[in-house]
Amino acid sequence: PSDNLVGARSFWSTMAAVVGGVVTSASLRKGARVQRGPDWKWAGQDGHGEGVILGASRGGWAEVRWDRSGDTNRYRVGQEDAHDLVFVVPRSQASASPVAAKSSPAVGDSVVLTEGYRACDDAAEGPLKPGDVGKVVRNSDRRLLVAAGGREWWYDREALRSANAGNPQA
């Protein structure tokens, strides 16, 4: 497990590649900021807030301490083919985000992929393909849960735009 952990020096360079993505055994980083992810099943253990990864456990689990309660628990980062956590930008860095919340689709909106969707985490693996229209069914600070083709997928906000906005997709 210690091979998956990096020191504070490389923390931000590593986070630049994974912010908003699901935490996996391979991407897990000690000290990374996280929140509940697409497979969350642990009720209110997180206090509906953010936490910090304390380390990795064998078998696809991560140990997290939650900010609001101070409680520590283990969560799936590949165990049972599930991902309970996603990376988040610390609040002090949130204003640097290029995405304006008001321009982002909301729950109930129809959405399509942006031209640059492939650069966004694992968007290319989701059910939406260029030209397909999906519906936002849930949101978090950095991600949108979209239903399309009988499946749901968590997308980075940057990977999506309103189906009614902007230029037609190339």
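Author: Helices (H or I, at least four residues) and strands (E, at least two) are DSSP runs, numbered from the N terminus. Gly150 lies in a loop by that count, between strand 8 (143-148) and strand 9 (151-156). The model is predicted: local features need pLDDT of at least 70, side-chain atom pairs need pLDDT 80 or more, and totals for chains, interfaces and linings use all residues. Residues are numbered from 1 along each chain as its sequence is written, and side-chain values use heavy atoms, without hydrogens or water.

Reader: Why is Gly150 called exposed?

Author: Exposed means over 50% relative accessible area, buried means under 20%, and partly exposed is in between (1.4 Å probe, protein chains only). Gly150 has 86% relative accessibility, so it counts as exposed. The C-alpha atom of Gly150 is 10.0 Å from that of Gly134, 16 residues away along the chain.

Reader: What makes Glu50 buried or exposed?

Author: Its relative accessible area is 8%, so Glu50 is buried. Glu50 sits in the loop between strand 1 and strand 2.

Reader: What joins the side chains of Glu50 and Arg33?

Author: A polar contact of 3.2 Å joins them. The term asks for a pair of N or O atoms within 3.5 Å; within protein, one must be able to donate a hydrogen and the other to accept it, and residues adjacent in sequence count only if both atoms are side-chain atoms.

Reader: How do you know that strand 3 and strand 4 pair?

Author: Two strands pair if DSSP finds at least two bridges between them. Strand 3 (residues 61-66) and strand 4 have 5 bridges and run antiparallel. In one of these bridges, Ala62 has Tyr75 of strand 4 as its partner.

Reader: How many bridges join strand 1 to strand 2?

Author: There are 2, between antiparallel strands; strand 1 covers residues 33-36. Val34 has Gly51 of strand 2 as its bridge partner. Strand 2 is joined to strand 3 by 6 bridges, again antiparallel. There, Val52 is partnered by Arg65. Strands 2 and 3 form a hairpin with 3 residues between them, and Gly59 in the turn has a positive phi of about 80 degrees.

Reader: What order do the strands of the open sheet have?

Author: The sheet has 5 strands in the order 4-3-2-1-5, with antiparallel pairing. Strand 4 (72-76) and strand 5 (85-87) are at the edges; each has a single partner strand, so one side of each lacks a neighbour in the sheet.

Reader: Why is strand 2 called largely enclosed?

Author: Strand 2 (residues 51-57) has 7 residues, and 5 of them are buried, so the rest of the structure largely encloses it.

Reader: What makes a nonpolar core?

Author: It is a set of buried Ala, Val, Leu, Ile, Met, Phe, Trp, Tyr and Cys residues joined through side-chain atoms within 4.5 Å. The largest one here has 14 residues; Leu128, Val146, Tyr155 and Leu160 touch the most other members. Strand 6 (110-113), strand 8 and strand 9 each supply at least two residues of this core. Strand 8 gives the most, with 3 residues. A second, separate core has 13 residues, including Ile53, Val64, Val77 and Leu85.

Reader: Which residues is Val146 in contact with?

Author: Contact means heavy atoms within 4.5 Å. Leaving aside neighbours within four places in sequence, the partners of Val146 include Val111, Leu128, Trp153, Tyr155 and Leu160.

Reader: How many helices and strands does the protein have?

Author: It has 2 helices and 10 strands. Buried residues make up 41% of its 170 residues.
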